[in-house]
Amino acid sequence: MTNIEGPPRGTPSPEKEERGKYNPVDVLREREIDSGVFGVDRRGREVIKDKDFAYIASYLRKNIQEGSVLNLGGGFMHCHRILPAIDKITHATSIDISDMNNQVVREFLEGSVGLGTQTLIDASDVAVMRTYAEALSQDPRFAVGYEGKELLAMLYEKSRRHEGLDVITADVIAQMEELGSGALLKNRTFDNVLFLWSIFTRDRDETLHLMENVKKLLSEGGRIVIMDVWEYSGVEEDGDAMHSEDQVVARNYPKPWIWTTEEFIDILEEVGFRNIRTEEKVVEESEEEEDAIGGYICIVAEA
Ligand SMILES: C[S@@+](CC[C@H](N)C(=O)[O-])C[C@H]1O[C@@H](n2cnc3c(N)ncnc32)[C@H](O)[C@@H]1O
């Protein structure tokens with residue numbers, strides 16, 4: 001054996017140290033549990049207490065159309081985002097740059113139906129997901145028409161592909177040409193492509209090219225659904241826990257391009273999207289959040 005000089009024993013490798021800083025489950029718990037997003041009302045029914053979370057869920061239920069879904073930058077809340085529309089969805093695919101986020105998604109998909117082994121999330125996280133599914137089932141605002149456990153079973157079934165789960169680790173910006181050409185997703189097309197707080201392109205040109213490639217992924221009549229914040233200060237290495245990202249994002253996309261609604265509509269029109277509809281919503285639930293992000297811009301457009 002040659003004598004390779006390495007780090008002293010016990011020193012974590014740079015990758016391990018990097019992974020160690022970001023824990024998606026801590027961020028998730030801070031968002032949903034600490035802020036009391038879900039709970040039980042006076043009549044003992046599960047409910048979504050947080051107004052912003054309920055708004056997001058109902059916007060997605062309303063605007064995701066029947067058919068397949070590709071969630072780009074799906075993140076560790078991919079399951080939470082698509083669950084309100086799962087009865088309309090035929091198949092769901094999520095892509096994220098972060099392996100750890102994707103592991104959380106796989107653990108939720110399996111854990112919610114009592115399968116697999118969970119190492120990042122635990123039984124309490126699965127219990128919160130079940131409460132959420134029950135809340136969707138019982139809340140007349142959603143009119144889902146299925147029991148919570150039926151929704152979770154659909155979520156799992158509709159996320160399976162070739163004996164595995166359709167949760168893919170890829171960089172949608174660096175690999176946008178592969179996405180658009182069909183090389184990354186085996187020439188599949190989708191009825192809905194979602195970008196939920198996940199456009200990290202660095203300038204207008206890059207955003208335009210990303211949208212051109214996304215349009216190629218859409219089936220005839222397919223739609224893009226975008227939700228984002230009004231104000232965004234970029235990804236900081238030591239950002240607050242609530243908005244922190246995997247280090248791979250902080251390293252590669254620390255300062256995304258900040259666009260206005262008009263600028264984005266302009267891009268969508270240039271790329272050839274039609275029937276562009278927008279909706280804006282001020283953050284209701286917490287002043288802290290309102291200060292940090294202002295509100296949401298929601299955009300739906302057809303290919
Ligand atoms: C603010 S989070 C939003 C996550 C999720 N869409 C949601 O609704 O909660 C941004 C997500 O985009 C992912 N992301 C950032 N840049 C990306 C890229 N270039 N390719 C793929 N995913 C990316 C991050 O890893 C993270 O999961």
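**Exercise 1. State how strand E3 is joined to strand E8, and by how many bridges.**

Solution. In this predicted model, strand E3 covers residues 67-72 and strand E8 covers residues 190-196. The two run parallel and are joined by four bridges. To place one of these pairings, take Asn71: its bridge partner in E8 is Leu194.

**Exercise 2. Give the strand order of the open sheet and identify its edge strands.**

Solution. Start with the order, which is E7-E4-E3-E8-E9-E11-E10. This makes an open sheet of seven strands with mixed pairing. The edges are strand E7 (167-169) and strand E10 (274-282), each of which pairs on one side only. From one strand to the next, the twist averages 15 degrees. As background, strands of a sheet pair through backbone hydrogen bonds, either parallel or antiparallel.

**Exercise 3. Determine the sense in which strand E11 pairs with E9 and with E10.**

Solution. Take E9 to begin with: this strand (residues 218-229) pairs with strand E11 (residues 295-302) in the antiparallel sense, over seven bridges. Within that pairing, Asp228 has Ile297 of E11 as its bridge partner. Then turn to E10, which is joined to E11 by seven bridges and also runs antiparallel to E11. Here the bridge partner of Thr278 is Ile299 in E11.

**Exercise 4. Find the strands that helix H5 lies across, and its angle to E7.**

Solution. Helix H5 is formed by residues 99-111. The helix lies across strand E4 (89-96) and E7. Relative to E7, helix H5 runs at about 170 degrees.

**Exercise 5. Decide whether Asp26 is buried or exposed.**

Solution. First locate the residue: Asp26 is in helix H2 (residues 24-32). Next, count its C-beta neighbours inside 10 Å, which gives 11. The cut-off for exposed is 12 or fewer, so Asp26 counts as exposed. For a spatial reference, Asp26 and Ile121 are 9.5 Å apart, C-alpha to C-alpha, although 95 residues separate them in sequence.

**Exercise 6. Describe the residues that surround the ligand, by number and by class.**

Solution. The ligand is surrounded by 21 residues. The closest are Gly73, Gly75, Ile97, Leu196 and Ser198. Sorted by class, the shell has 10 nonpolar, six polar and five charged residues. One of the closest, Leu196, belongs to strand E8 (residues 190-196).

**Exercise 7. Summarise the protein as a whole: its helices and strands, burial and contacts.**

Solution. The protein has 12 helices and 11 strands. Of its 303 residues, 38% count as buried. For contacts, consider those between residues at least 6 apart in sequence: 68% of them join residues at least 24 apart.

Conventions
Residues are numbered from 1 along each chain as its sequence is written. This is a predicted model: local features need pLDDT of at least 70, side-chain atom pairs count only at pLDDT 80 or more; totals for chains, interfaces and linings use all residues. A residue is near a molecule or strand if its C-beta atom, placed from the backbone, lies within 6 Å of it. Ala, Val, Leu, Ile, Met, Phe, Trp, Tyr, Cys and Pro count as nonpolar, Asp, Glu, Lys and Arg as charged, and the others, Gly among them, as polar. A residue is buried if 20 or more other C-beta atoms lie within 10 Å of its own, exposed if 12 or fewer, and partly exposed in between; C-beta atoms are placed from the backbone. Two residues are in contact if their C-beta atoms, placed from the backbone, lie within 7 Å. Two strands pair if DSSP finds at least two bridges between them. Axes are lines fitted to C-alpha atoms, for helices over the stretch in contact, and angles run from 0 to 180 degrees between N-to-C directions.
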